[in-house]
Amino acid sequence: EIRCGAQVVGAESDFGTTILDTGTTFSYFPHQTYYTLITALKTQCVGTNCGASPVPHTYQTCWKLLKGRKPRQFPNITVAVGDAQTTFIWQPEAYMFRRHRDENEWCFAFADNKMSHTTVLGTSFFLHKTVVFDTSNSQLGIAESACPEYHYRTPKAETGQLLIAQVSSPRSSPASQFDLPSEGNIHFLAICLGVVGLVLLLVACAMCLWAYLVEEEDDESEVQLADRKSVSDLE
């Protein structure tokens with residue numbers, strides 16, 4: 001079953017076939033389960049109970065928080081499997097994602113599976129967890145984990161230099177810095193290669209034209225020789 005806070009929003013039979021798919025970003029629930037879950041979240045977060053206000057025109061699937069805040073006041077979603085003795089906590093920072101960093105808008109990372117009576121637990125369900133797929137024994141292990149978060153790509157310096165950080169150890173050397181070609185140099189190299197290619201193309205065309213003209217001259221010479229031989233024979 002699935003519970004939003006203390007409210008049960010879906011029994012075991014409501015999920016249908018459940019698929020765990022790390023290749024799917026969102027999680028998807030059958031229509032009735034999704035609708036009940038969304039309604040429960042809206043009810044528990046009415047007003048400012050969750051420290052957020054719904055974003056207009058998003059059907060209350062996106063919420064705006066104060067700058068720098070995370071949706072920790074939203075209720076946990078508890079998923080119980082099997083005999084309901086095994087439970088997993090789906091934290092709001094996992095079932096929600098930040099849509100606009102500057103405006104601090106968070107949206108639900110799960111959706112309606114429409115007419116399909118199938119539940120898909122995607123990457124959003126596995127966030128902040130260590131997951132072990134034991135395919136040999138057809139078992140799944142899930143444990144809460146303090147996973148690192150990465151919000152930005154590694155920035156590239158304007159000079160075209162990329163800083164490569166090494167794992168530090170007592171004997172390891174400090175971070176190394178490698179010089180990479182700047183964007184201007186890359187453009188210049190591309191232009192040079194283009195010019196060289198054009199010159200080679202012109203040379204190839206000139207050689208083809210020269211070969212054609214030589215062949216034409218040979219043909220004309222053979223024709224002239226044949227004419228002279230014919231004249232000689234007539235004489």
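The following legends describe close-up views of a predicted model of one protein chain.

Local features are described where pLDDT is at least 70, and side-chain atom pairs count only at pLDDT 80 or more, while totals for chains, interfaces and linings use all residues. Residues are numbered from 1 along each chain as its sequence is written, and side-chain values use heavy atoms, with hydrogens and water left out.

**Figure 1. Overview of the chain.**
The chain contains four helices and 16 strands. Helices (H or I, at least four residues) and strands (E, at least two) are DSSP runs, numbered from the N terminus. Of the 235 residues in the chain, 25% are buried. Here, buried means under 20% relative accessible area, exposed means over 50%, and partly exposed lies in between (1.4 Å probe, protein chains only). The accessible surface of the chain is about 16,600 Å², and carbon and sulfur atoms contribute 58% of it. Accessible areas come from the Shrake-Rupley method with a 1.4 Å probe; for residues, only the protein chains shown count as cover. Among the contacts in the chain with a separation of 6 or more, 56% are made by residues 24 or more positions apart. A contact means heavy atoms within 4.5 Å.

**Figure 2. The open sheet with the order β2-β1-β7-β8.**
Four strands form this open sheet, and their pairing is antiparallel. The edges are taken by β2 and β8 (86-90), each of which has a single partner strand, so one side of each is left without a neighbour in the sheet. Neighbouring strands are turned by 30 degrees against each other on average, direction ignored. Axes are lines fitted to C-alpha atoms, for helices over the stretch in contact, and angles run from 0 to 180 degrees between N-to-C directions. Two strands pair if DSSP finds at least two bridges between them. Strands of a sheet pair through backbone hydrogen bonds, either parallel or antiparallel.

**Figure 3. Strand β1 and its antiparallel partners β2 and β7.**
Strand β1 (residues 2-4) is joined to strand β2 (residues 7-10) by three bridges. Within this pair, isoleucine 2 stands opposite glycine 10 in β2. The hairpin of β1 and β2 has two residues between the strands, and glycine 5 takes a positive phi near 70 degrees there. Three bridges also join β1 to strand β7 (residues 77-81), where threonine 78 stands opposite arginine 3. Arginine 3 is partly exposed, with a relative accessible area of 23%. The side chain of arginine 3 meets that of glutamate 1 in a salt bridge (2.6 Å, N to O). A salt bridge is a side-chain nitrogen of Lys or Arg within 4 Å of a carboxyl oxygen of Asp or Glu.

**Figure 4. The open sheet with the order β5-β6-β10-β9.**
This sheet has four strands with antiparallel pairing. Its edge strands, β5 (52-54) and β9 (96-100), each pair on one side only. The twist averages 35 degrees from one strand to the next. Strand β6 (residues 62-65) is joined to strand β10 (residues 105-108) by three bridges, and cysteine 62 stands opposite cysteine 107 in β10.

**Figure 5. A salt-bridge network of Lys70, Arg72 and Glu93.**
The structure holds four salt bridges. In one of them, the side chains of lysine 70 and glutamate 93 meet (3.8 Å, N to O). This pair links distant parts of the chain, with lysine 70 in the loop between β6 and β7 and glutamate 93 in helix α2 (residues 92-95), 23 residues apart. Lysine 70 is partly exposed, at 29% relative accessible area, whereas glutamate 93 is buried, at 16%. Glutamate 93 also forms a salt bridge with arginine 72 (2.8 Å, N to O). Arginine 72 is exposed, with a relative accessible area of 59%. Salt bridges that share partners join Lys70, Arg72 and Glu93 into one network.

Not counting residues up to four places away in sequence, tyrosine 34 touches Phe29, Thr61, Phe110, Ala111 and Asp112. Leaving aside neighbours within four places in sequence, the contacts of threonine 118 include Phe15, Tyr28 and Phe29.
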